[in-house]
Amino acid sequence: MHNWQPWSWDGIPSERLTAIEQVCHVRDIERDGYHRRIRRTLAEEMPILEDIHGELLAVERRYLDANVEEVFADFRVARAETVALLTGLSAIQMQRVALFEGRPTALHNLFHFLCSHDNQHLAGLHWLLGKMNG
């Protein structure tokens, strides 16, 4: 079920990833994307934050072979680390700026992007469930 693929990906609100790939992607973007972005924004002057290509990661890291329970456990640890990174930041730290997707972006706005990213992949999972049960 977690590796199920639709006959057409037309209309998916996220990358064209199966359920397990969606969850692996969110975990890896949390760790390899947002953790690095947050740390670099706090430590460097106007760092250029790299983009991560999710569909390429899915192939390179063999998401289709991932263990669902391990992926969710890893994500819980990663999200707890994100919360720990955010806890206690000052208003000045939250205003630190990096270049993200070619634009100056304050640290507090990275958190909006993180939440939006979560919602995008939750929508992708709902879309897959609708297709699977349709």
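1. **Helix 1 against helix 5.** In this predicted model, helix 1 and helix 5 pack at an angle of about 175°. Angles over 145 degrees count as roughly antiparallel, and the two helices are therefore roughly antiparallel to each other. Their axes are 11 Å apart. From helix 1, the contact takes in Ala-19, Gln-22, Val-23, His-25, Val-26, Ile-29, Glu-30, Tyr-34, Arg-37, Ile-38, Thr-41 and Leu-42. From helix 5, the residues include Leu-107, Leu-110, Phe-111, Phe-113, Leu-114 and His-117. Further along helix 5, Asp-118, His-121, Gly-124, Leu-125 and Leu-128 also take part. By class, this contact has 14 nonpolar, 6 polar and 3 charged residues.

2. **Helix 1 against helix 3.** Helix 1 spans residues 19-43, and helix 3 spans residues 68-86. They pack at an angle of about 25°, with their axes 9 Å apart. Angles under 35 degrees count as roughly parallel, and that is therefore how helix 1 and helix 3 stand to each other. Their crossing is left-handed. The residues of this contact divide into 12 nonpolar, 2 polar and 7 charged. Among them in helix 1 are Ile-20, Val-23, Arg-27, Glu-30, Arg-31 and Arg-39. Helix 3 meets them with residues including Val-68, Phe-72, Asp-74, Phe-75, Arg-79 and Glu-81.

3. **Residues listed in both contacts.** Val-23, Val-26, Glu-30 and Ile-38 of helix 1 belong to the contact with helix 5. Val-23, Val-26, Glu-30 and Ile-38 also belong to the contact with helix 3.

4. **Overall layout.** The chain has 5 helices and 3 strands. From the N terminus on, the order of elements is α-β-α-α-α-β-β-α. The C-alpha atoms fill a box of roughly 50 × 30 × 25 Å along the principal axes.

5. How are the strands arranged? The 3 strands form an open sheet in the order 1-2-3, with mixed pairing. Strand 1 (48-49) and strand 3 (103-106) stand at the edges. Each has a single partner strand, so one side of each is left without a neighbour in the sheet.

6. **Strand pairing.** Strands of a sheet pair through backbone hydrogen bonds, either parallel or antiparallel. Strand 1 and strand 2 (residues 97-100) run parallel, joined by 2 bridges. Leu-49 stands opposite Phe-100 in strand 2. Strand 2 and strand 3 run antiparallel, joined by 4 bridges. Here Leu-99 has Pro-104 in strand 3 as its bridge partner.

7. **The hairpin.** Strand 2 and strand 3 form a hairpin with 2 residues between them. Which residue in the turn has a positive phi? Glu-101 does, at about 55°.

8. **Helix 5 and the sheet.** Helix 5 covers residues 107-133 and lies across strand 1, strand 2 and strand 3. Helix 5 runs at about 95° to strand 3.

9. **Aromatic pairs.** A search of the whole structure finds 2 aromatic pairs. One of these joins Trp-9 and Trp-127, and is it stacked or tilted? The ring centres are 6.3 Å apart and the planes are at 15°, so the pair is stacked. Trp-9 lies in the segment before helix 1, and Trp-127 lies in helix 5. The pair therefore ties together parts that are 118 residues apart in sequence.

Notes. Residues numbered from 1 in each chain as written. Predicted model: local features only at pLDDT ≥ 70, side-chain atom pairs only at ≥ 80, totals over all residues. Heavy atoms only, no water. Pairing = 2+ DSSP bridges. Contact = heavy atoms within 4.5 Å. Axes fitted to C-alpha atoms, helices over the stretch in contact; angles between N-to-C directions. Parallel < 35°, antiparallel > 145°, perpendicular 65-115°, else oblique. Left-handed = near helix turned anticlockwise from the far one by under 90°. Nonpolar A, V, L, I, M, F, W, Y, C, P; charged D, E, K, R; others polar. Phe/Tyr/Trp six-rings, centres within 6.5 Å; stacked < 30°, edge-to-face > 60°.
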